[in-house]
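Let's take a walk through this structure together, starting with a side chain and a ring. Keep the viewer open as you read.

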Amino acid sequence: MGDFDSAKNLMDNLLDSDNGSGYDKANHITYTSLISGYCKQHQIEEALAVYKEMFANGIESDVVTHSCIINGLLKSGRLTEAKYLFHEMVRNGVDPNHVTYTNLVDFFLKNRSVMAAFSLQSQMVVRGIKFDVVVFTALIDGLFKNGRAKEAEDMFGNLLEYNLVPNCTAYSALIDGLCKIGDMKGVGSVLQQMTEKNVLPNVVTYSSVINGYVKSGMLEEAINVLWKMICENVTPNAFTYGSLIDGCLKAGKKETAAGLYEDMKKRGVENNIFILDAFTNNLKKEGMMDEAEALFQDSIFNGLLPDRVNYTNLMDGLFKVGKESLALKVAEEITAKNIGFDIVTFNALLNGLLKLGQYDVQSIYTGLQKFDLAPDHATFNTLIKAYCREGKLDDALKIWNQMKSYGLKPNSITCNILTEGLCESGEVDKAMELLNELSISGFYPTAVIHKTVLRAASETKRADVILSMHEKLVSMGLNLNLDVYQNLINVLCGLKMTRKATSVLQEMREAGFLADTVIYNALIRGHCRSSHLDKAFAVYSRMLTERVSPNITTYNILLGGSTESRSMDKVTEILSEMKEKGFIPNSTTYDVLVSGYGKIGNKKESIRLYCEMITKGFVPRLSTYNLLINDFAKVGKMKQAMELLNEMQSRGVPPNSSTYDVLISGWCNLSYQERSMKKLYQAEARRLFKEMADKGFTPSENSINQLSSVLAKPGKAADAQRIMDKIYKTKRG
């Protein structure tokens with residue numbers, strides 16, 4: 001920059017000289033060179049000042065001068081001034097050349113003004129300006145970027161028809177465009193053509209090819225191109241590695257991504273913010289924020305300056321894994337380093353703070369004003385969700401109205417959040433009023449909203465209310481599709497209203513929709529819950545007749561219905577059919593079988609299936625554990641029952657009040673049977689009772705009565721009273 005200042009000073013000295021020869025020495029070439037230099041340094045104001053001085057001193061500018069200034073203005077985004085200068089040069093008799101036009105055409109295409117670019121192209125033809133490779137390249141690149149791939153390929157054909165020899169840049173523009181539309185076969189043909197024409201691909205060419213393979217999910221081919229370019233002594237850059245690393249991470253190939261990152265560092269390619277962001281995003285999805293933070297700090301140590309996006313992702317990830325203090329430190333760092341908050345960063349902070357539950361929604365919303373940021377949909381959606389979560393529906397509705405005052409129309413997410421909030425609070429009528437208001441303004445209920453409203457309506461357990469809500473939503477513009485019919489049939493079957501559900505199925509068929517696996521599963525489940533096993537199997541048979549494929553859920557529902565009705569012959573039949581069709585039992589299958597055999601008293605088979613389930617790596621659900629614990633407790637095998645309690649907790653299944661009730665009852669009963677161990681068993685029952693209370697569970701009346709009865713033997717009345725006081729303290733409060 002200092003060289004340009006020196007040049008400007010030298011020119012001023014020439015103009016101020018007394019010998020009158022200054023104008024000969026400081027001619028238009030000097031001015032043009034200075035203008036060009038300033039433009040290359042992105043100092044457009046200085047360039048314009050020199051241009052005005054040139055005009056004031058009576059020195060005529062030529063096409064080169066004008067082209068420099070126009071290009072500088074375009075790169076600064078000042079199109080209006082560039083167009084004015086272009087028309088001015090034409091008015092002054094200075095004919096634009098191919099450089100002037102190329103710069104303008106390139107700018108218009110990059111800004112998606114295709115017609116303006118074509119207009120300039122026509123002017124070039126009229127003026128007789130020959131198209132060179134640079135012009136064609138700009139047109140090819142621009143057409144691809146505007147989604148006009150066929151015209152771009154035709155333009156490359158025109159280049160060849162003009163007997164012009166495409167260079168690496170032209171080929172790279174064609175390859176990049178083909179990669180973006182996923183035509184990797186076409187890319188291969190162009191690369192072959194380059195080889196035949198002895199045009200060597202450069203890092204830009206190879207990077208485009210690699211990115212194309214990555215976007216097409218062809219990671220192996222992409223990596224092969226990387227090794228090929230390295231073998232041809234073409235050094236990959238950060239973009240090359242970044243594209244590959246991002247693709248590998250998204251495909252779950254973390255080790256490959258890490259290997260590429262190490263190779264990148266070994267070759268001296270500097271890390272960049274895009275690679276850091278790819279790693280941070282992936283680690284955030286995996287919940288591995290310790291690793292993300294370590295990588296972040298290592299990148300800073302090695303000289304990388306993370307941008308706002310990097311910091312935002314790190315902060316968001318830390319909040320999501322519960323590392324609030326570290327997340328807040330990142331927020332402080334954003335401020336301390338003058339990186340500044342944009343609305344996306346603020347939304348991440350807002351969401352994190354509200355999840356902590358220690359911050360008032362209104363105070364955070366007020367704090368938004370301090371950042372001088374305009375809230376967007378995500379901001380309002382987060383605030384509305386927070387108020388709904390707190391049960392402050394009036395405040396949520398106020399935010400809804402404030403949103404409209406900012407000129408933002410509620411989107412589907414906003415409507416889903418508020419509808420769900422109102423429905424969960426029992427304000428279904430208010431939700432319907434809101435949806436009706438929206439339908440008048442052109443926003444219609446979606447299948448998600450339909451599901452939410454029907455779920456709330458099902459609390460009435462009345463088919464007429466459910467169907468009425470459904471009809472109202474249809475009248476508001478709800479599009480009747482398969483998802484909507486699935487919602488309605490699922491809700492009705494969940495309440496054992498299979499006759500109504502069958503009527504809806506008939507209506508659905510008449511509307512031109514075919515029942516799928518989800519709908520048949522709902523009907524089968526409805527019949528099983530109604531203890532109509534024959535009807536459930538009849539629906540299953542119809543499902544097969546109509547060539548609708550059952551899934552593992554279908555068989556699990558049938559197994560559940562069969563075990564509930566103690567039809568164990570049906571269980572054997574279903575398991576055999578599952579095996580024939582290639583279905584492998586999953587965790588739910590085993591839960592159903594273990595519970596089913598346990599309920600009919602076949603403990604041996606129940607335990608065998610439980611052991612098989614554990615061996616296959618499945619974790620039983622809580623109800624399965626409770627059933628097994630109950631089976632052992634009922635026969636006095638408390639050691640085995642306690643082992644199951646410890647095992648379930650080690651597998652991440654926390655006990656509930658029922659678990660403790662069963663165990664307490666078991667120890668109390670055992671204390672009656674084995675007098676010699678009475679004190680020990682009573683102590684164990686008392687310990688479990690205390691543990692249960694500490695965890696916030698309310699014991700059943702049976703547990704309280706049993707323990708009191710056991711302890712209130714002669715000499716133990718005080719102990720019984722003390723325990724009763726502790727247990728009932730909360731209940732009395």
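Arg91 lies over the face of Tyr84, 5.9 Å from the ring centre. A charge is said to sit over a ring if NZ of Lys or CZ of Arg is within 6 Å of the ring centre and within 35 degrees of the ring normal. Lys570 gives another example, with its charged end over the ring of Phe537 at 4.4 Å from the centre.

A word on the ground rules: this is a predicted model, in which local features need pLDDT of at least 70 and side-chain atom pairs count only at pLDDT 80 or more, while totals for chains, interfaces and linings use all residues. Residues are numbered from 1 along each chain as its sequence is written, and side-chain values use heavy atoms, with hydrogens and water left out.

Stepping back, the protein chain has 42 helices and 0 strands; these are DSSP runs numbered from the N terminus, with helices being H or I of at least four residues and strands E of at least two. The radius of gyration is 37 Å, whereas a compact globule of 733 residues would have one near 27 Å. That value is taken over C-alpha atoms, and the globule rule is 2.2 Å times the number of residues to the power 0.38. Along the principal axes, the C-alpha atoms fill a box of roughly 130 × 65 × 60 Å. Of the 733 residues, 47% count as buried; buried means under 20% relative accessible area, exposed over 50%, and partly exposed in between (1.4 Å probe, protein chains only).

Now to the aromatic rings. The structure holds 12 aromatic pairs. Rings of Phe, Tyr and Trp (its six-membered ring) pair if their centres lie within 6.5 Å; planes under 30 degrees apart count as stacked, over 60 as edge-to-face and the rest as tilted. Why does the pair of Tyr590 and Phe618 count as tilted? The planes of these rings stand at 40 degrees, with the centres 5.8 Å apart, so the pair falls in that class. Tyr590 lies in helix H35 (residues 587–599) and Phe618 in the loop between helix H36 (603–615) and helix H37 (622–634), so the pair ties together parts 28 residues apart in sequence. Tyr590 is buried at 2% relative accessibility, whereas Phe618 is partly exposed at 22%.

Tyr660 and Phe697 make another tilted pair, 6.0 Å centre to centre with 40 degrees between the planes. This pair links distant parts of the chain, 37 residues apart: Tyr660 is in helix H39 (residues 657–673), and Phe697 is in the loop between helix H40 (678–694) and helix H41 (701–711). Tyr660 is buried, with a relative accessible area of 0%, while Phe697 is partly exposed at 25%. Elsewhere, ring pairs join Tyr540, Tyr555 and Phe583 into a cluster.

Next, look at Thr452 in helix H27 (residues 447–457). Thr452 is buried, at 8% relative accessible area. Apart from its neighbours within four places in sequence, Thr452 is in contact (heavy atoms within 4.5 Å) with Thr419, Glu420 and Cys423.

How many disulfides does a search of the whole structure find? There are 0, a disulfide being a pair of cysteine sulfur atoms within 2.5 Å. For Cys423, the nearest cysteine sulfur is that of Cys388, 10 Å away. Cys423 is buried, at 6% relative accessible area.
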